[in-house]
Amino acid sequence: MSVVGFSHYFFLGLILFSIGALGALTRRNGITIFLSIELMLNSVNLILVSYASTNGNLAGQILVFFMFAIAAAEAAVGLAFFIAIYKHRRTINIDRLTFLRW
Amino acid sequence: MKFLELLTNPSLTLIVFFPTLAAIPLLVANKRNEKRIKWYLLVVFTAEFLLSAYLVTLLYLKDGIKYFPLVADPTIPWLPRYGIAYRLAIDGISMPLILLTTFIMPIVILGSWSSIKKHWKLYGISLLILTTGILGAFLAYDLILFYIFWEVMLVPMYLIIGVWGGERRIYAAVKFFLYTLAGSLPMLLAILWLGWRFSKAAGYWSFHYLELLTMLLPPQEQLWLFIGFALAFAIKVPLFPLHTWLPDAHVEAPTGGSVILAAVLLKLGTYGFMRFGVPLFPHVKEEVIDLILVLSLIGIIYAALVAWVQEDMKKLIAYSSVAHLGFVTLGIFSMTEISWSGALLQMVNHGLSTGALFLLVGMIYERFHTKKFKELGGLAQPLPLLAFFLVFSAMASAGLPGLNGFVGELMILTGTYIGGYKIYTVIGAIGVILAALYLLRMLKETVWGEYTGAVKKDLHSYEKMALFPLAVLMLLIGIIPSVFIKPSQESILQTLKIYSVRKNYPKVTKPLIIPIDIDKEKK
Amino acid sequence: MTSLIAIVLLPFLGAVVNGILSFSNSKRAVTFTALATTGGSLVIALYTIWRYLTELSPQPIEYVLYKWLEKPLEIQISFLLDPLSAIMLFVVTFVGFFIHLYSTGYMSDDEGYGRYFAYLNLFMGMMLLLILGSNLLVTFIGWEGVGLCSYLLIGFYYKQDEPPRASMKAFVVNRIGDFAFLIAIFISFAHFATLEYREILNAIATNQQLQDTVYIFGLTLPALLALLLFIAATGKSAQLPLYVWLPDAMAGPTPVSALIHAATMVTAGVYLLTRTNLLFQLSPNILKLVTLISVATAFMAASIAIAQRDIKKVLAYSTVSQLGYMFLAAGVGAFVVSIFHLFTHAFFKALLFLGSGSVIHAMEGEQDIYKMGGLKQHLPHTYITFLIGTLAIAGFPPLAGFFSKDAILAYTYDHSKAIYFIGLITAGLTSFYMFRMFILTFHGEFRGTEEQRKHLHESPPSMTLPLWILAIGSAFVGFIGKIPFTHYDLFGKILSPVIVKLEEKAVHHDVLHEVLLITLSVVAALLGLVAAKVLYSQGPTGDERLKSIITAPLYTLLKGKYFVDELYTFVIVTPLRTTANILWRFVDQLIIDGTLHLAAGIVQLISALGSFTTTGNLRNYMLYFVIGIILLIAYTVG
């Protein structure tokens with residue numbers, strides 16, 4: 001049994017990213033898409049941390065903290081949007097939310 | 001900071017930015033309390049008028065001279081690397097227009113008193129910012145600054161037409177906006193080009209009007225730049241065939257908007273010709289000048305005829321504007337001192353008489369909810385005072401001697417004749433006959449005839465307050481015109497002198513700074 | 001001469017006060033203001049004229065009020081008193097005052113009483129500006145000012161259909177003449193740098209080269225100015241081809257017709273010609289044109305008048321015809337006689353109009369002479385004064401019209417026999433149509449309704465007094481002119497400084513000739529009288545007999561006023577309106593706006609193509625995003 005190494009983390013991140021991307025492109029529910037995007041974001045975080053630890057560089061890990069903070073803020077704003085949209089339109093099915101085009 | 005210093009003293013800057021400053025309290029005002037907003041606006045604009053009148057009187061009387069001098073606010077550098085600076089200056093050409101603007105604004109408020117029924121807060125802010133834009137454009141001596149003020153006017157006017165207008169307001173607003181923008185973008189290019197060429201000739205950038213006057217460009221280049229400027233101005237004037245935005249804009253705009261548009265905004269085009277179009281480009285081909293003269297004449301005759309067959313009172317007056325402004329451009333491009341004086345006076349005249357006519361249309365519309373001739377008639381019976389003002393303003397507009405319009409037309413046409421354009425003078429004078437034709441038709445369809453309606457409400461006090469000053473001024477200009485013309489004469493003479501000095505200078509093949517004594521004029 | 005200022009300003013003051021009073025309801029104040037201001041003007045004017053004309057050798061007096069414009073276009077508001085303006089001043093203030101007095105009776109029941117007098121006073125002021133102005137500009141201000149008042153007063157009964165239309169027509173047609181006046185102003189200023197009559201005329205008189213060189217279209221500068229001023233005069237003084245507005249102008253109140261459209265305003269053209277007579281004397285071709293136009297107008301209008309039924313229309317065409325006589329006198333170079341006829345005409349024509357007003361007043365607004373008749377008993381004062389006026393205009397000695405008309409014909413005889421005969425025939429026609437109207441109105445049986453008969457009454461003294469005063473004038477003012485067989489010519493003597501004498505061409509007929517000419521004109525007048533008496537003693541049926549005498553087509557032509565109005569509508573108005581409509585609908589909306597909409601449409605099309613991708617669906621956008629990233633990566637890697 002080999003030691004869990006950088007490549008494992010990398011591939012895990014890659015798989016998570018792909019799942020996230022696929023989810024974001026195929027799902028209809030806004031929240032699910034949102035979750036998928038979070039998944040993509042965190043997969044990138046994972047890769048970033050693993051790179052940093054491999055290279056023995058703290059800067060990458062600190063950067064991830066910032067990204068957590070931003071992701072949290074984004075989640076808050078994004079969910080608030082969805083709630084607002086839901087209140088207004090009674091749906092968060094993005095196929096029916098086409099008001100970006102008037 | 002210098003700017004703040006200027007704002008706290010009686011200065012041109014204060015005149016220009018006082019309305020904007022006055023808009024700030026409006027931002028936090030309660031929008032439900034419309035009555036208070038109206039009164040606030042009335043007070044602000046009256047104060048603005050008094051302020052400008054005070055400043056003008058101060059400058060006029062300062063040295064005991066008989067003409068209005070060129071007075072500039074201290075320059076504030078802005079983008080020094082490109083020679084862009086905040087420069088305001090007033091002279092005899094802009095002075096009457098400044099006073100016209102500040103004079104007409106309180107009247108606009110009075111004219112909107114009961115005709116604007118919603119969003120007074122936004123309306124007030126639009127008007128205030130619009131005023132800043134207009135005054136700034138009249139006073140700017142830096143071309144970039146001029147351009148900025150020029151564009152600043154666009155948005156509030158767009159809102160005024162688009163929000164408070166009639167049924168087809170969106171169409172009219174968009175048409176107005178796009179038309180004007182299409183004209184002003186070439187002007188921006190021309191301005192930038194001028195600055196760049198100046199940097200080649202002088203070694204440093206400058207957009208200072210008086211400095212640009214010392215630069216001479218090759219004739220071909222002048223022509224292109226002139227076209228750039230002339231397009232913007234011609235659309236604003238509007239010169240035939242670029243006039244079709246005007247009837248739509250006027251018909252759809254609310255009363256106040258129409259008044260500003262006719263009384264002041266159009267004058268920016270003709271002012272632009274006088275200030276920039278003519279003096280900066282003296283070597284423009286004779287054919288081009290001739291073309292503009294011919295277009296002016298076509299405008300005079302064409303618009304008069306079209307006005308004659310209109311079924312909508314406001315549209316008739318809108319077309320009459322095109323005809324009247326045709327006289328102004330005719331006067332400007334005949335390039336004589338008399339015709340320039342006449343053109344300048346005619347700008348003011350048109351502002352007063354057409355402003356009054358638009359106010360009256362608004363008042364009629366409020367009472368009868370129609371502007372169509374078919375549905376009007378016999379107003380002299382229930383509304384004698386309104387009828388009096390309508391006849392009075394129409395006569396002023398038709399150029400009846402003893403009222404203001406005649407003086408302007410007489411000076412313009414005499415100047416044109418002296419300038420050697422004899423046939424043009426005769427054709428222009430035909431416009432005077434046609435003016436009587438369409439204005440009398442308007443009177444016949446509205447004032448005279450049997451009255452069948454039920455409305456009996458003659459002018460309200462605020463309506464009288466709006467019309468009375470206009471009528472008095474129309475009469476005064478007609479009776480003692482020299483008082484109104486004299487202050488501007490020196491500036492006109494200077495401008496034409498600079499023009500002819502530049503014109504008589506040998507044509508150049510590359511940008512050249514020529515020794516020309518503009519400093520004499522500069523303060 | 002500060003008194004000139006008072007004379008001019010008083011009526012303006014009256015206009016302002018009456019204008020304000022018209023919003024209240026105090027007729028007495030209006031009456032007082034109107035009469036006090038015009039009366040004041042009259043008294044001061046009489047005093048001024050008397051003082052001026054009794055001087056040994058009256059010199060022109062100029063009074064500069066202020067500078068209207070300064071250099072480079074220097075024009076001043078200034079007044080000029082010379083014999084010509086003194087005579088005009090007398091006519092305007094004298095006739096003007098009595099017509100104001102008459103109006104206080106005539107208009108007493110009108111709801112627009114204050115408005116009426118505001119207009120009328122304004123008219124007086126403007127007319128005084130016109131005649132007293134010492135330069136073209138002041139005259140022009142008055143010229144257009146009286147046009148405005150005429151417009152307002154013709155349209156006074158604005159509730160009816162006809163007056164607004166007629167007033168508009170009057171103003172616009174006048175504007176055509178004013179256009180020529182304006183051009184004359186431009187030219188004068190461009191070449192003489194002044195608009196003062198005296199300076200312009202001096203400059204022309206002293207510059208032989210100017211008189212000889214062709215300026216434009218084969219005309220010298222004086223000739224061009226003369227032509228333009230004459231065109232202006234044809235507008236204001238209702239000559240061919242611009243006379244069409246005057247008959248329609250009868251839609252206004254009758255005193256207005258008397259004052260504006262008979263005695264004063266319409267004679268402004270004659271005044272202008274005399275004022276600038278040097279220009280005309282220097283251009284024989286233009287004088288020839290004046291002669292032809294005037295004699296044609298005189299004859300044409302007189303012939304129309306014989307077939308009209310409306311009492312005021314007859315008088316209107318008669319005015320046009322008499323104005324033709326005045327221009328005829330000017331055309332043959334007899335400017336003094338021209339002004340003399342203006343002077344006498346002011347009396348008898350004002351009298352006739354006021355008399356017709358009195359008749360209309362009694363008939364409760366009826367103007368059709370077919371429905372009158374036999375008014376002699378009911379309106380004795382009107383009858384006698386009207387008779388005096390009719391005799392005067394027909395040219396029976398020794399009434400005023402005889403002297404002036406005879407003088408005109410005598411000068412014309414010297415000039416051209418053919419024109420003299422047309423003038424003579426016109427004199428006969430004048431007598432005929434006047435007596436036709438007179439007989440139909442005052443003699444025979446009453447043909448109106450029973451209702452009207454009950455209301456028949458003589459007018460109040462405020463109306464009959466002016467009638468008598470003007471009747472006395474009509475009877476006697478002729479004697480101040482040239483008396484036949486003598487060298488006595490007060491009028492000519494007074495006016496002689498104003499008229500430039502390039503060559504001596506006064507008429508010196510021998511007695512035989514003179515007797516012959518006088519006999520001819522008296523016979524013409526008598527023939528007209530007899531013809532009218534014979535044809536119309538049985539009432540309106542005379543028209544049928546007239547028709548059979550002059551043949552039906554000709555009668556229709558006369559009755560239809562030569563169909564000039566219809567011709568103008570067909571040739572000028574309709575094509576102009578069609579052109580305007582084409583310009584609007586086709587050029588403005590289709591071509592210009594169409595081009596714009598086309599350009600906008602093209603832009604819209606392009607943007608529509610682009611916006612095809614903008615579905616609004618989030619997943620599409622994400623797909624674009626992903627595709628974009630893949631492409632980007634592919635680009636950087638590959």
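Colleague: What share of the accessible surface of chain C belongs to carbon and sulfur atoms?

Modeller: Please bear in mind that this is a predicted model. The accessible surface of chain C comes to about 24,300 Å². The part of this surface that belongs to carbon and sulfur atoms is 69%.

Colleague: What percentage of the residues in chain C is buried?

Modeller: A residue is counted as buried when its relative accessible area is under 20%. Chain C has 638 residues, and its C-alpha trace spans about 125 × 70 × 55 Å along the principal axes. The buried residues make up 60%.

Colleague: Are helices α12(C) and α16(C) roughly parallel or roughly antiparallel to each other?

Modeller: Helix α12 of chain C covers residues 268-275 and helix α16 of chain C covers residues 335-362. Their axes lie 10 Å apart, and the packing angle is about 155°. Angles over 145 degrees count as roughly antiparallel. The relation of α12(C) to α16(C) is therefore roughly antiparallel.

Colleague: How many residues of the contact of α12(C) with α16(C) are nonpolar?

Modeller: On the α12(C) side, the contact is made by Val270(C), Tyr271(C), Leu273(C) and Thr274(C). Phe335(C), Ser338(C), Ile339(C) and Leu342(C) contribute from α16(C). Two of the contact residues are polar and none is charged. The number of nonpolar residues is six.

Methods:
Residues are numbered from 1 along each chain as its sequence is written. Chains are lettered from A and ligands numbered from 1 in the order in which they are written. This is a predicted model: local features need pLDDT of at least 70, side-chain atom pairs count only at pLDDT 80 or more; totals for chains, interfaces and linings use all residues. Side-chain values use heavy atoms; hydrogens and water are left out. Axes are lines fitted to C-alpha atoms, for helices over the stretch in contact, and angles run from 0 to 180 degrees between N-to-C directions. Helices (H or I, at least four residues) and strands (E, at least two) are DSSP runs, numbered from the N terminus. Angles under 35 degrees count as roughly parallel, over 145 as roughly antiparallel, 65 to 115 as roughly perpendicular and the rest as oblique. Contact means heavy atoms within 4.5 Å. Ala, Val, Leu, Ile, Met, Phe, Trp, Tyr, Cys and Pro count as nonpolar, Asp, Glu, Lys and Arg as charged, and the others, Gly among them, as polar. Buried means under 20% relative accessible area, exposed over 50%, partly exposed in between (1.4 Å probe, protein chains only). Accessible areas come from the Shrake-Rupley method with a 1.4 Å probe; for residues, only the protein chains shown count as cover.
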